[in-house]
Amino acid sequence: MGSKTKTSYLVHIPKTAGMTIRTYLRHFGLITNKGHIKAQREHHFGISKAFRIEGSLKSFTTPYFPCYLEDPLYKKADCSFTITRNPFDLLVSYYFHGRYENKTKEYKDNGWGNCNKVHGFESFEQFIKFYCTKDASKWHVPALSENLFGQIFNDDGELCVDYVMFYESLQDNLKELVEILTAGYEGGTQKFIKNIGNKQLGRRNKSKKRKDKNYNCLYTPEMIEMVEEKCKWELETFGYSFGTKKERKLMKLKDIIKK
């Protein structure tokens, strides 16, 4: 039996409940990028220069996202993981995302990364048509237009993340990850997972603007076809389709993504 637990590093894809999972893991010291400071909460990419258009993500002071391959916390961790989400649902959350200023109570972000303000979107349909039909370089974060889950790759297209959780199965996947991180720990794993089933995962950063919990009604047949074409790799690789809510086990990414 070992005396120490292992640690993980979160590669946080936007709108996948990453902050909720990070908060739970840091409570038990099972994650290196704990998020106590802003630099750790920022979304990191595997590519070296993930660009963002001026006016989006206002809190950032540079035109590029940080690269986690250069992060000592990534190198320190025993393993890394990410969370994916059905692209149809993720894009709804992306559009309806909003953050309030504490003093003025006005939206600081209109859409994730202020995308609606940057692009002038006035409807979800406009958002989807732009995302699916315009060149990736026109999107406020071009790398997220090229691939919604592209943060798992480096500049050479090599896989840099070990495990994937599925947003649709967060509670079970979190237990599975914790069991991996605490395997062989002399104190056992039960103290780490006993409260997971009582937590409301995936709700911490939920949009206040989105009233309808069912995204199906927001898509027209034309919009569905657009997303199916635009996100073909994400849908096929991770087994998603319009309306799917199936639960899945935590998986090693190398078992899903074959060269």
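Being a predicted model, it is read with thresholds: local features need pLDDT of at least 70, side-chain atom pairs count only at pLDDT 80 or more, and totals for chains, interfaces and linings use all residues. Residues are numbered from 1 along each chain as its sequence is written, and side-chain values use heavy atoms, with hydrogens and water left out.

**Cysteines**

- The closest cysteine sulfur to that of Cys160 belongs to Cys67 and is 7.9 Å away, which is too far for a bond.
- Cys231 is likewise in no disulfide, the nearest cysteine sulfur, in Cys132, being 6.0 Å away.
- Cys160 has a relative accessible area of 11% and is buried, where buried means under 20% relative accessible area, exposed over 50%, and partly exposed in between (1.4 Å probe, protein chains only); Cys231 is also buried, at 0%.

**Salt bridges**

- Three salt bridges are counted, each defined as a side-chain nitrogen of Lys or Arg within 4 Å of a carboxyl oxygen of Asp or Glu.
- Asp89 and Arg85 form a salt bridge with an N to O distance of 3.4 Å, and both of these residues are buried.
- Lys129 and Glu125 are joined by a salt bridge at 3.2 Å, N to O; both lie in helix H6, four residues apart, about one turn of the helix, helices (H or I, at least four residues) and strands (E, at least two) being DSSP runs numbered from the N terminus.
- An α-helix has 3.6 residues a turn, so residues three or four places apart point the same way.
- Lys129 is partly exposed at 30% relative accessibility, and Glu125 is partly exposed at 34%.
- Glu176 and Lys249 form a salt bridge in which the closest N and O atoms are 3.7 Å apart; because Glu176 lies in helix H8 (residues 170-181) and Lys249 in the loop between helix H11 (232-238) and strand E8 (251-252), the pair ties together parts that are 73 residues apart in sequence.
- Within that pair, Glu176 counts as buried at 16% relative accessibility, whereas Lys249 is exposed at 60%.

**Helix H6**

- In helix H6 (residues 124-133) the buried residues are Phe124, Phe127, Ile128, Phe130, Tyr131 and Cys132.
- These buried residues pack against helices H4 (87-96), H5 (115-119), H7 (142-146) and H10 (221-230), contact meaning heavy atoms within 4.5 Å.

**Backbone with positive phi**

- Most residues other than glycine have a negative phi.
- Lys15, although not a glycine, has a positive phi of about 65°; it is found in the loop between E1 and helix H1 (18-27) and counts as buried at 8% relative accessibility.
- Asn114, also not a glycine, has a positive phi of about 60°; it is found in the loop between strand E6 (107-110) and H5 and is buried, with a relative accessible area of 3%.

**Cavity**

- A search of the whole structure finds one cavity of 30 Å³ or more, a cavity being a set of points, on a 1 Å grid over the protein atoms alone, where a 1.4 Å probe fits but cannot get out, with lining residues having an atom within 4 Å of a point.
- The largest cavity holds about 50 Å³ of space, the volume being the space filled by probe spheres set on grid points that are joined across faces, edges and corners.
- Strand E1 (residues 8-11) supplies the largest share of its lining, three residues, and the lining residues include Arg22, Glu42 and Tyr68.

Definitions and conventions
On a 1 Å grid over the protein atoms alone, a cavity is a set of points where a 1.4 Å probe fits but cannot get out, and a pocket is an open set with protein on both sides within 12 Å along at least five of seven lines; lining residues have an atom within 4 Å of a point. A disulfide is a pair of cysteine sulfur atoms within 2.5 Å.
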